[in-house]
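Subject: Structure handover

Hello,

Here is the structure I said I would pass on.

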Amino acid sequence: MMFFLFCFTSTGFAEDAETAAATKVVTDFQAVILNVMQQGDKLDFEQRFAIFKPAVIKSHDLTKITRIVVSKEWKTLTTEQKKELIRKFSTLSIASYAHYFNSFSGQSFKVVSAKQLSPGQIYVHTFLVLPDDKDVSMDYLLKKTGDDWRIINIITQGVSDLALKRSEYVAVIQRSGFDALLTELSAKIEKFSN
């Protein structure tokens, strides 16, 4: 059973429409994660991937994330390369969720706080609660895209997923070129699916 703890700050974030909307994006996505985990042994990788795909597309700004992780190299890519990279990175993102969240042993998520960093950025602080282990801090940075809030970074135990990927992907492009990056992403997708 999912349990959320909302802490009210001096600004009363739970009553703020923007912060509440951003928090709902996170809690809705975490509900999908738990649902998949709870079905663990009944679902194979392809089935988990199929459940995660619409949830990730709805909750994450995959285009913005892709642009950020290749940093200044984005400007060197053709329109077709950008489209291909977004497709490949999106598939990898969904595959990673399908790979890592594949079993359930009583885990739950707890939302601790949410804070508006700027008019277009909100930070949602949560924990993955592990029954027999120390809770894992999972924080979400969301940016507003049009009228909707979308996840652009997940910080696990203080480590930014965006920073890790940017460091890795930029190095591959600079060292070996765009096609080498696509090959590496394809290899990661293949590894996750096995």
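A helix axis here is a line fitted to C-alpha atoms over the stretch in contact, and the angle between two axes is taken between their N-to-C directions. Please note that the model is predicted.

On that basis, the axes of helix α3 (residues 62-69) and helix α5 (residues 161-176) come within 8 Å and cross at roughly 55 degrees. The two helices, α3 and α5, are therefore oblique to each other. On the α3 side, the contact is made by Ile-65, Ile-68 and Val-69, which meet Leu-162, Lys-165, Arg-166, Tyr-169 and Val-170 of α5. Of the residues in this contact, six are nonpolar, two are charged and none is polar.

Next, the aromatic rings. A pair of aromatic rings is described by how far apart the centres are and by the angle of the planes. Searching the whole structure gives seven aromatic pairs. One of them joins Phe-45 and Phe-49, a tilted pair with 6.1 Å from centre to centre and 40 degrees between the planes. Both residues belong to helix α2 (residues 45-59), and because Phe-45 and Phe-49 are four residues apart there, about one helical turn separates them. Phe-45 has a relative accessible area of 12%, so Phe-45 is buried. Elsewhere, Phe-29, Phe-52, Tyr-97 and Phe-101 make up one aromatic cluster.

Last, Tyr-100. Is Tyr-100 buried or exposed? Tyr-100 lies in helix α4 (residues 79-100) and counts as exposed, with 55% relative accessibility.

Regards

Technical notes: Residues numbered from 1 in each chain as written. Predicted model: local features only at pLDDT ≥ 70, side-chain atom pairs only at ≥ 80, totals over all residues. Heavy atoms only, no water. Phe/Tyr/Trp six-rings, centres within 6.5 Å; stacked < 30°, edge-to-face > 60°. Buried < 20%, exposed > 50% of the residue type's maximum accessible area, 1.4 Å probe, protein only. Axes fitted to C-alpha atoms, helices over the stretch in contact; angles between N-to-C directions. Parallel < 35°, antiparallel > 145°, perpendicular 65-115°, else oblique. Contact = heavy atoms within 4.5 Å. Nonpolar A, V, L, I, M, F, W, Y, C, P; charged D, E, K, R; others polar.
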